[in-house]
Every structure is written in C-alpha cells, then in structure tokens.
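Hi,

Here is the structure I said I would pass on. Have a look at it first, and my notes on what turned up follow below.

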Amino acid sequence: FLEEKNGQLDLICLDAKERLYILLKEYGWLQEFFRLYPLHFYENSFAFVDRIPKKKLRVKVKVVGLGIGGSMAVSGLAKAGVDTVIGYDKRNQASVTSRYQNASWRAYDVAQKLLDEQAYDELMAYRQKINVKYDDGTTGVMISDRVQIILGGAIGSALGSAERYGAKLEFEKDLSQEDTIEDKSDIVALFAGAHTCKLFDDLETDMHIYEWPEVQSDCKMWLKIKPSEKEEAYSARSGEVGAENWHYTIESARATLEDIARVKNNVERQYQGNLKKLKNGTDIGISEEEITKKYTYQMDQLNKVQSSVEGGETPGGRFDYIFTNAPTNEHNLSKREEAIADGTVVLDGGYLVELKLAANSSFEGNKKVTKHLNSEIVVCGGDACVPPNPQAAYGATLACESAEKVVQLAIGYGHLNAILADLEEIGTMNGSGQWKESLVELKSLLKLYYEARGRSENYFQWIQTLLCNLYSLPPF
C-alpha cells in the first residue's frame, strides 16, 4: 500500500513541478527563479518549460460584462484551457457590439495573447496609418504600433474568438439581480463599467471608492458619416489644442458596412430610450415630434451612405467615419452645431467624466459580493476601478490589461487547485501537509499580486483623467 502511495506521490510531484514551471512562465518570473536557483536553469537549458504539454486548469470562472475587457477575458480564459468559462451581459449581443467610438488602442499585444488568430487578424486589419501634413505642404504616411478600431468591432471579434475556444456566453442576463446562484465559482470577474460599485450592497464600501466631484467634467461627442472620396484605407487625427476649448477628431475611411450597422443599432437604441423616458414622464428637453424627426433624418443619412457604398458610387467602396470629442462649453457647442449643419452627423450625445479611483479591486471571504455571486474570489477590472479619461487615451487599454490579469490569476489558481486536489488524494504523508499550506498561501499571494498590479495601472489612468478634467474646466 505504502509503495503504491509513494509511486503516486512521485507522479504527483512531477506534475506539480511542471505546473509550477508553467505558472512561473505565465507571470514572467522564470528569469528571476533561474537566477536564484541556477540548478533549475541547467535543467531548462533544453527548453524544458516550453515543451511541457498543455494541462487542463481545474478552475471555474465567470465574467460579468462583455465589453472590450470582458470579451477579451472570456476568450483568453478559454484559450488558456480553463475548465469552465461563462460570460454574462445584461444587454443583448447586438447592443454589446454596437459601441461606435473609435479607440486608439495600443493593447493589441494583449489581444494577440488572448484571442485566436482569426480575431487578431481582424483587429490588425486596421493597423494605424496616420496621414500627416508637413509645414512645407508635403504629406506623408506614418505606420504606428497601434490599431485603429471601432470598439464594437473589436468586442465582436473577441466574442467570436471566445465561442470558437468553447466559452459559454449568456446575454440579457443580469447576475446582480439573481436571488441565488447555486453553482459555485472559483473566480468571478466584474467588467460591468463605471457603475460596477453600485451593483451590490456594500461593494462601494469594499472597493474603497475615492471620488472628487468638484473636478468632474461634461463632454460632447458626435459622429459624422458620409461617402468617401478616398481610394485606400485612411486614418488621421486633428483637433484644437488649448485649455477648455480643446477637441480631438479621429477620421478614418472604411469599407466595413458592419460599422454602419452598429451605428444604426445605436441610433435605434437612443431613439427607443428617449421615447421610453417621455412615456414615463421624464423631461429630456425635446418633444417626441422632434425626436422622431431627428431619428428619421439620421437613419436616412445612414441608409444613403450605405447605398452609395453598396452601389459602387464611392472610390474603393469606402465611407468616411469621423468621430469628435470635446468638453461641453459655448465654444465647443458652436463646433457641434456647425458639424450638424452640414447634414452628415448621424449620432450625437454627451457623458459625464467622473474622477474616481478604487483602492481595492479583489474580494474574498465573507463579503456580500462573494456570497451573492457564490465565488471564492471576486475581482474588478477596467472602468469598474477608474473611469476612462475624456481623451480616450487609455480606457480600452486598461480594460485589456485587466483582462490579461484575470487570465493570469485563473491560470495560477487552476494549476494550484490541481496540485492541491492531487495531494488531497494521498493524504498527509511525506510532508505533503506542509506543501498544502504553502500552496494555499501562494494562492492568496497571487490575489495580492492581482491587486498590486491593478493599483498601479488604475493610478496611471486616474492621473490621466485628473489632468484631462483640469484641462477641460474653467479656472477654479
């Protein structure tokens, strides 16, 4: 019996050694490990770690909110071999993928890691080429290390990747409204946007949300779509520089009719939302007749552009997609009115840029949120921890960084859970009891690592939002 157990322990130790190597590699700690323990470096001189077969991860992860961060997370989790991956969103799938803002996004290295080849190629199709005019009147094209995307398209690509890897996606389901969640999870990741802290009782307190309402700012944004005269893919930036009066515009010539469909979904949703508000007696500063007139005009413009592209009336079958963002003030409102006057604005709206920062982004133990979601640990990422800044310089990137951290944490938990389960089978022999204690401690340290890295990334975004808001407001 003892001989059989010892043989089993040998196999468990070999598997555990490989799993710990994989964990070190995932976290980028191998180099430091080999420096401290050169004997292991000799063992790895034949690329031992890189040749370890892929191992199943004994961990169940749910992702709540399938925007750019959540969609990347579910794909990355399924790609990594996590046993069970489920993504939830209270919106329908068309609404989730209808975000119309352009995003100048430098996080495609994260996408390459978390998405399949097809999805990554879809993002790379819009590798940014900035058309520049020089002072002497000449022009040039600069290829950037960024990808110019429409956020809804990126989300759609990521969700497609997740499904191809086997993740389960459930739309029109709000876990915050579920009375009881029977099936227990190892990790629940909340990517539910800037109002995540309001989803559950006491979550705002647990997150230790700091906020500065005196430096919040209002912004306007509008989108122009018109037939393009450009024969090739094009992207350029322009705007006005200066405190309070700044605006930025990202213009691109595109051939993807899916992007027009996304804008139509936004126009329809905005229209139905306004009608519902009026029906409920809410004063929104505009009559139903005016809302319907605006809606009809916007849809007519979109249909006209779509017909011109489909009918081959534009060079290269392209349309111009021109997105502008600016602080709300008299100077910028005049720019908006001028843009609307030319008849090509198909969407316009506004939003409040709040200055908030969460000190905590992970929770375990006897917390209301962990009990409600029936999970060993709950983590938050992206806008849930710090709202994006009005110049959109880091918001999508932060969400993708958070997705990578969630995948990293799940890989760590999955390998450690597998080792602990194997040790449980053989009981406390040959010092395995002490190993279990060390492995449980390591799991808690991985959670702290998620928290520490998150605070660093969140603080960087918070600084950007603070500076942008100060730049947008009149002097105090």
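Glu172 counts as exposed, at 63% relative accessibility. You'll find Glu172 in the loop between strand 6 (168–171) and strand 7 (185–190), and its backbone is worth a look: phi is near 55°, a positive value in a residue other than glycine. Most residues other than glycine have a negative phi. Keep in mind that this is a predicted model.

Asp202 is another case of this kind, with a positive phi of about 70° although it is not a glycine. Asp202 sits in the loop between strand 7 and helix 9 and is partly exposed, its relative accessible area being 40%. In helix 9 itself (residues 203–207) there is Asp206. Asp206 is buried, with a relative accessible area of 14%. Setting aside neighbours within four places in sequence, Asp206 is in contact with Asn360, Phe363 and Lys367.

A positive phi also shows up in a glycine. Strand 10 (residues 234–240) and strand 11 (residues 247–254) pair in the antiparallel sense, over seven bridges. Ser238 has Thr249 of strand 11 as its bridge partner. Six residues lie between the two strands of this hairpin, where Gly242 takes a positive phi near 145°.

One more loop residue: Tyr134, between strand 4 (127–133) and strand 5 (139–150). Tyr134 is partly exposed, with a relative accessible area of 41%. Neighbours within four places in sequence aside, Tyr134 is in contact with Thr139 and Gly140.

Now helix 7 (residues 117–124). Which of its residues are buried? Ala119, Tyr120 and Leu123 are. Looking down the axis of helix 7, the buried residues fall within an arc of 100°, so they line one face of the helix. As a reminder, an α-helix has 3.6 residues a turn, so residues three or four places apart point the same way.

On to the cysteines. How many disulfides are there? The count comes to zero, with the cut-off being a pair of cysteine sulfur atoms within 2.5 Å. Take Cys400: the closest cysteine sulfur to its own is in Cys385, 14 Å away, so that is too far for a bond. Cys400 is buried, at 0% relative accessibility. For Cys468, the closest cysteine sulfur is in Cys219, and because the separation is 8.8 Å, that is too far for a bond as well. Cys468 also counts as buried, at 11% relative accessibility.

Finally, the overall picture. The protein has 15 helices and 16 strands. Its C-alpha atoms fill a box of roughly 85 × 55 × 45 Å along the principal axes. The radius of gyration is 25 Å, which agrees with the value near 23 Å that a compact globule of 476 residues would have. Of the 476 residues, 53% count as buried. The accessible surface comes to about 23000 Å², and 51% of that belongs to carbon and sulfur atoms. As for contacts between residues at least 6 apart in sequence, 80% join residues at least 24 apart.

Cheers

Methods
Residues numbered from 1 in each chain as written. Predicted model: local features only at pLDDT ≥ 70, side-chain atom pairs only at ≥ 80, totals over all residues. Heavy atoms only, no water. Buried < 20%, exposed > 50% of the residue type's maximum accessible area, 1.4 Å probe, protein only. Helix = DSSP H or I, 4+ residues; strand = E, 2+ residues; numbered from the N terminus. Arc of directions from axis to C-beta. Rg over C-alpha atoms; globule rule 2.2 N^0.38 Å. Contact = heavy atoms within 4.5 Å. Areas by Shrake-Rupley, 256 points an atom, 1.4 Å probe, with all protein chains shown as cover. Pairing = 2+ DSSP bridges.
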